[in-house]
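Keep the 3D view open as you read.

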Amino acid sequence: MALISFLVLTSLCVGGRQALSLSDCGPHGRRPEYTDIAVVCGTSAIELAIQICPAVYTGYNESLLILNHVDDDAACKGALDTWVVPPVLRFSFPIREGNACGSSFLTTSSPGTGIFSDFSNIQNVNVSGIVRSFDTTIGTVTYNAELKYFYSCAYPLEYLINNTQVDVSAASIALEDKNGTFISTLRMELYNDVNYTTPMIIPSLGVELRTKIYVQVVASNLTSQYHVLLDRCYASISPQPSNSTFFNLFVPCSIDPLTTMLENGDGQRARFYFSAFRFIEQQNETVSTYYLHCITRLCERSTCSTFKQCNNRRKRGVDSDVVQEGLVDPSMLTVPIRTKAEGSSPGDQGQNDASIGLGVAVAVLVVIGSAAMLMAALFYRRLKQFT
């Protein structure tokens, strides 16, 4: 038969053996079907797997299936794989324009849906091409059907990067006492309501501006001797607050007008809430992301009230020593917060920053004055002992 003679003449050595013949295909030697090609749309390359036996049945072999008319590049030729059943011809080429073995690139735009519903222009790129058979028949007519294997891969060009998991209700730290190892667990949790019953889940697109965010710092497995005292809570653009723009929600003896303290230093939990804001520095971003930090102390029940006083810190030296011994070194808790940038009020934010700056200055002056008076009292007491 003409078909068998053609196959013998075009036999090749592939992988240490001759190219497949129709007798090698057995029951897989049949007419081509639409399902004869499998496509893998990878992140850096596209892979094709074409069943070769239907091509052999039609009158071709692996060397006569050409990818996008590129027949002079070894990297664009198929490799016969006979280790699988049925055997396939594999193509693999990178997704780089100009080096994708003749594939075409088409970029389209459409309104966003789902998590991208706030975007009016979401782009996708379609990478497509065709594997064709090459008919070696010389003459006026041919008896071989032309084979065409189309492939197409659509890649979105807009992504939500969320491979870093953030647990806003489980920030744990270890504290060390002077007399040994003192380990407790502090958690900073965000809630939706003033009763602190519904945990707040920050959505991917952020919370609305001026949304009330209820914050709780709670200690568990801690002796009743100690209470939780928040020294300072503030927000910063960077997770590392030391080298970032920051905004104070409250510092000792000064609190932002839109921040309300509910409990602090009165038990083993501290509670406050504030209105969601954004940093003007992030005004061109759809979502403003910043990090909430709270400097937290554990203080003895008998000393917390003394330490919270702002205008009456004139204590005797022995009392001052008691206060210092009743405090555990401060530690910091951090959680991320995302807010939507729409609907913000830059003027209000500037006024808040100015008032907080004034409050910080007043607090510093109070601390310096108290320290000076304390040193004077100690000097007077020692002088009295020598007289």
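The protein exposes about 22,500 Å², and carbon and sulfur atoms supply 54% of that area (Shrake-Rupley method, 1.4 Å probe; for residues, only the protein chains shown count as cover). Bear in mind that this is a predicted model: local features need pLDDT of at least 70 and side-chain atom pairs count only at pLDDT 80 or more, while totals for chains, interfaces and linings use all residues. Numbering runs from 1 along each chain as its sequence is written, and side-chain values use heavy atoms, with hydrogens and water left out.

Of the 387 residues, 39% count as buried (under 20% relative accessible area, with exposed over 50% and partly exposed in between; 1.4 Å probe, protein chains only). You'll find six helices and 19 strands (DSSP runs numbered from the N terminus: H or I of at least four residues for helices, E of at least two for strands).

Now head inside. The largest nonpolar core has 31 residues, and L190, I213, F272, F274 and L292 are the ones with the most contacts inside it (such a core is a set of buried Ala, Val, Leu, Ile, Met, Phe, Trp, Tyr and Cys residues joined through side-chain atoms within 4.5 Å). Elements giving two or more residues to this core include β11 (185-191), β12 (212-220), β17 (269-275) and β18 (287-300). The largest share, five residues, comes from β13. A second, separate core of 28 residues includes I37, L67, C101 and V127.

Stay with the aromatics for a moment. F247, F250, F272, F274, F277, F279 and Y290 form one aromatic cluster (rings of Phe, Tyr and Trp, the last by its six-membered ring, pair if their centres lie within 6.5 Å; planes under 30 degrees apart are stacked, over 60 edge-to-face, the rest tilted). The count of aromatic pairs comes to 12. F274 and F277 have ring centres 6.1 Å apart and planes at 55°, so that pair is tilted. F277 and Y290, with centres 4.7 Å apart and planes at 10°, are stacked. Because F277 lies in the loop between β17 and β18 and Y290 in strand β18, the pair ties together parts 13 residues apart in sequence.

Finally, look at Q216, which lies in strand β12. At 7% relative accessibility, Q216 counts as buried. Its side chain joins that of R271 in a polar contact of 2.7 Å (a pair of N or O atoms within 3.5 Å; within protein, one must be able to donate a hydrogen and the other to accept it, and residues adjacent in sequence count only if both atoms are side-chain atoms).
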